[in-house]
Amino acid sequence: MPLSLATFSTANAIKPAYDPASLEIGVVHFGPGAFHRAHQAAYFDALVATDKRWGICGVSLHSTGVRDALAPQDGLYTLGILDDEISYRIIGAVREVLVAPEDIEAVFRRLRQPSVKIVTSTVTEKGYCLASDFSLNLKHAEIAHDLAHPRTPKTVIGYVTEALRRRRAAGFPPFILIPCDNLPKNGERLKAAVVTFASQLDVKLSRWISDELLCPSTMVDSITPATDDDLRRRVAAATTLEDAWPVQREAFSQWVIESHAHQDGPDWTSVGVTLTDNVPAYERAKLRLLNGPHSALAYLGLNRGYANVSEAMNDAELADVIRRLMIEDIVPLLEAPDGLDLIAYSEDILKRFHNPAIVHKLSQIAWDGSIKLPIRILSSLGEALDQGRDISRLCLPLAAWMRFVRTKAVAGEEITDPLGRELFAIGQICQDDVTDVALFLAIRSIFPAHLANHPSVVSQIETAYIALEGYTRRR
Ligand code: CS2
């Protein structure tokens, strides 16, 4: 039997402690993919048990998949929490999914409603259309489109700006805008991007946004592998109801939001959200100690022939490299947020990487390396160089990424990355020797000149590049 409002009460699962049909929509979320549905939606699902205002309208900017899966299920879906203990929870907070290109006005109607007080987003790092200095990339093709056609936008920046224009025109206050992607200073940067975008169209609007829009930075964390058929089968077997698009995550979940003066918002802390003035310290620790090693594991693990995270962590040599990268190379560069013990934090992350209950594909983490590596690894590399520290291990994931690109290009496989085509072309002319490294280091949007031209960065990456090839051959 399929999951729906009519059937969910029979499920062998944790069920909504409220009537999903009775919720109001107070949140619009851009990008209702697996991460949103496993993370933020679970927090709102807890909030609506006591405050019905925080039902969610998900907005897909491109694909129809989530809407097509969830509409027949009345928006309900199953969250599998796969860890030492396994549980299944039915989430009822998503009350509507809109596919933006199908009905742009429906999206704006929602965004204009004063009862919509919160707008969140998970559109991936590249979805914010930022340049390598994190300012809005006005040359980005979709931003250029949105500036030419502001009433029919394609990007989250375009949607937010037009929605704010309509709210201002109607005399309504802005919503609070809460980005939930792995970008440092995500709130500050998203707000700056929206203000810049608006300034190209209407200076008064841009000033109003600059004065009125609250856009707190956040740190979000929960390992959420993509859904596969195995999960669908497990969910059906465990809950007795079929779900077209369940999601899965580990038990650990953390959401840290910058303290803000939003009036009449939800009682965030009652559902485990941390409000703090110290988001940058949390977010740096998480981006550098979880996402950095994750990307390192992805490229080094794929190079060694592994397919998923826990499998790669069972390679003692590789696990030791990752641990030393974290504890010896990255921790000393960081300031601990609010009494957090960074060594214990690192150990917990390593334990999470070992979680055998979930299959987290390395190829999923390997996506978008050109955007992820500067944030996750080059940030630490630059600081380590400045402090005269050993950089050899920090260069390993960079060399492994170069190997990864080359291997994909030689196999004729598409590289999922905003620079995918350029990387493919470089990968194809690689000679399989140290000269390859210079081809990659010349990509300025990834490697700033001071790193790319630094003799020890060049030599350490070259050494690692050759060593990795040797390892591949031995296998
Ligand atoms: C991962 C993240 O896919 C990736 O790049 O590093 O999605 C990671 O699983 C999450 O940030 C964990 O919170």
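The lining of the second largest pocket in this predicted model comprises 17 nonpolar, eight polar and ten charged residues, where Ala, Val, Leu, Ile, Met, Phe, Trp, Tyr, Cys and Pro count as nonpolar, Asp, Glu, Lys and Arg as charged, and the others, Gly among them, as polar. A pocket here is an open set of points, on a 1 Å grid over the protein atoms alone, with protein on both sides within 12 Å along at least five of seven lines, and its lining residues have an atom within 4 Å of a point. The pocket holds about 950 Å³ of space, and of its 35 lining residues S132, F134, I371, P374 and I375 are the closest to its centre. Domain 1 (8–276) and domain 2 (280–474) each supply at least three lining residues, the bounds coming from an automatic or database domain assignment.

Helix α15 makes the largest contribution to this lining, with nine residues; helices are DSSP runs (H or I, at least four residues) numbered from the N terminus.

Helix α15 (residues 369–386) also packs against helix α10 (residues 279–303), at an angle of about 115 degrees and with the axes 9 Å apart, the axes being lines fitted to C-alpha atoms over the stretch in contact and angles running from 0 to 180 degrees between N-to-C directions.

Residues are numbered from 1 along each chain as its sequence is written. Local features need pLDDT of at least 70, side-chain atom pairs count only at pLDDT 80 or more, and totals for chains, interfaces and linings use all residues, while side-chain values use heavy atoms, leaving out hydrogens and water.

Conventions:
Helix = DSSP H or I, 4+ residues; strand = E, 2+ residues; numbered from the N terminus. 1 Å grid on protein atoms, 1.4 Å probe; cavity = no way out; pocket = protein on both sides within 12 Å on 5 of 7 lines; lining within 4 Å. Points joined across faces, edges and corners; volume = space filled by probe spheres on them.
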